[in-house]
Each structure stands twice: as C-alpha cells, then as structure tokens.
Amino acid sequence: MKEIDVSANPFAFLARGLNRRAFLLGAASVAALTTAVGMTPALAQRRGDRGLDEVSVEALMKPGALPDIVVGKADAPVTIVEYASMTCGHCANFHNNVFPALKEKYIDTGKVRLVMREFPLDNLAAAAAMLARCAGGDATVAMISALFKTQDKWAFVRGNPVPELFKIAQQAGFSQERFDTCLKDNATLDQMISARQRASDEFGVNATPTFFINGKRLRGRSDTIEAFDQALAPFLGG
C-alpha cells in the first residue's frame with residue numbers, strides 16, 4: 001500500500017492515521033495524490049488509463065459506503081452519476097457554469113437526476129467534501145456549490161486554507177466547534193476512502209470529473225450544456 005506523507009498538510013488532524021490506512025491506490029486509481037496543499041490538484045489526475053466505457057447500472061447504483069447526494073426525482077428516466085473532487089478545477093467549471101443549465105433544462109423537468117459522489121484527489125478535497133456532508137440535507141448541495149464557487153480562495157492558495165474554509169462554513173451556519181468536529185470525523189473519512197476505492201476498482205474511475213449516464217461513461221467534453229444535450233439525446237428520444 002502506498003502511503004501519504006501528511007507532514008506538510010495543515011489538515012494533519014483530519015488525516016490522523018492516514019499513514020496506516022492511506023487512500024487505497026489501485027491500478028486504475030489516480031496516479032498520485034497531492035500531499036502538499038500548495039500543489040495544483042489537477043496535476044494529480046491520471047491521464048493514461050481511459051477507464052471503462054460502460055458499467056452495469058445495477059452495480060453502479062448499488063448503495064455504497066456513503067449515502068448518495070442526489071438532485072432530482074427518483075423516477076427520472078436518466079441518471080447521471082458524477083465523480084468529482086472538490087479541488088478539481090474542471091469539476092468547479094461544471095458546477096459553476098454547466099450544472100445550473102442542466103438543472104433548469106433536465107433535472108427540474110423530471111428528465112434527469114444527478115447523483116454526486118466524492119472522488120477526492122487529495123486530503124484538502126476530502127476535508128471540503130466532509131464539510132459539505134456535515135452541512136446535511138439540502139444544505140449539502142448548497143455547500144458544494146459554495147465551495148466550488150470559491151474554490152480559488154481556498155484550494156489553490158499557499159499557506160493554511162483552514163481560515164478560508166471556516167469563513168465559507170460560517171455562512172452555512174457552522175460554529176467553530178462544529179467545523180472542527182466535522183473535520184475530525186474519521187468514520188466519514190474512512191467511508192469516503194472506501195467509496196473512492198470502489199469507484200476506482202469497479203467502475204474504472206481514474207480522473208475527475210467522471211460522468212456515467214445510465215451506466216455509459218461520458219467521453220469528450222463535459223464543460224458545456226451543449227455537450228450534455230448531445231449526450232442525453234439518445235436516452236431521451238432526441
């Protein structure tokens with residue numbers, strides 16, 4: 001098992017024990033996890049392995065270690081499963097610039113539901129995802145949106161990102177105590193590691209964002225609503 005050096009990570013308290021139970025790196029997983037907060041997370045994405053083109057919908061939708069974060073109606077004919085890292089710039093672009101149009105055009109009309117799953121590329125991404133989950137209910141999605149919109153203020157800065165993350169959490173009603181407790185939740189961290197490993201081993205997820213549309217992996221661009229229009233058309237009779 002490859003271990004993560006957390007000595008330079010201000011979230012050392014979050015990653016307590018990661019040297020024993022590091023992010024599990026399988027053959028199809030991210031080539032290297034960011035170990036220093038100042039490193040650009042995009043560099044941690046693996047480019048060589050294209051992953052699986054299609055997976056079993058039954059297997060994909062089987063409950064995992066963490067409850068899914070779902071936006072949309074349960075009976076929508078199309079399900080998009082997104083694997084994302086909170087420190088991934090392309091993921092932020094999707095949530096900031098594409099998701100609003102996708103939601104208005106397809107999710108709010110009952111055609112599509114979006115399932116968001118974490119695939120943290122580094123410890124900072126895991127910390128941000130844990131904060132979003134700790135917000136709870138509808139506030140989780142709102143927190144994800146807030147973190148992506150402010151990503152440049154906490155994910156790509158030199159030094160300690162904790163103060164900026166706390167500012168964002170405060171806007172969601174977090175106290176200092178709640179903030180600290182969320183980031184020390186080893187049980188959720190373990191579940192996130194397990195879910196990430198399952199995505200890598202079973203579905204060939206090796207980069208972020210990765211989208212599956214009714215089990216079929218979205219290839220090519222995912223940075224415009226037009227790309228999703230084209231990808232969704234065969235499933236919606238277009």
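Five strands make an open sheet in the order 1-3-2-4-5, with mixed pairing. Strand 1 (69-71) and strand 5 (216-217) stand at the edges with a single partner strand each, so one side of each lacks a neighbour in the sheet. Strands pair here if DSSP finds at least two bridges between them. Strands (E, at least two residues) and helices (H or I, at least four) are DSSP runs, numbered from the N terminus.

This is a predicted model: local features need pLDDT of at least 70, side-chain atom pairs count only at pLDDT 80 or more, and totals for chains, interfaces and linings use all residues. Residues are numbered from 1 along each chain as its sequence is written, and side-chain values use heavy atoms, with hydrogens and water left out.

Strand 2 (residues 78-84) runs antiparallel to strand 4 (residues 210-213), and four bridges join them. Val81 has Phe212 of strand 4 as its bridge partner.

**Helix packing**

Helix 4 (residues 138-149) lies across strand 1 and strand 3 (112-118), at about 90° to strand 1. Axes are lines fitted to C-alpha atoms, for helices over the stretch in contact; angles run from 0 to 180 degrees between N-to-C directions.

Two packed helices are described by the angle between their axes and the distance between the axes. For helix 3 (residues 123-135) and helix 8 (residues 186-203), the axes come within 11 Å and cross at roughly 115°. Helix 3 contributes Ala126, Ala129 and Met130 to the contact; helix 8 contributes Thr188, Leu189 and Met192. Contact means heavy atoms within 4.5 Å.

Ala132 also lies in helix 3. Not counting residues up to four places away in sequence, Ala132 touches Thr140, Met143, Ile144 and Leu147. Ala132 and Ala142 are ten residues apart in sequence and 8.2 Å apart in space, C-alpha to C-alpha.

**Cysteines and burial**

The structure holds one disulfide, defined as a pair of cysteine sulfur atoms within 2.5 Å. Cys134 is joined to Cys182, S to S 1.8 Å. The pair links distant parts of the chain, 48 residues apart: Cys134 in helix 3 and Cys182 in helix 7 (residues 176-183). The link is left-handed, with -60° about the S-S bond.

The table gives relative accessible areas. Buried means under 20%, exposed over 50%, and partly exposed in between (1.4 Å probe, protein chains only).

| Residue | Relative accessible area | Class |
|---|---|---|
| Cys88 | 0% | buried |
| Cys91 | 0% | buried |
| Ala132 | 2% | buried |
| Cys134 | 29% | partly exposed |
| Cys182 | 4% | buried |
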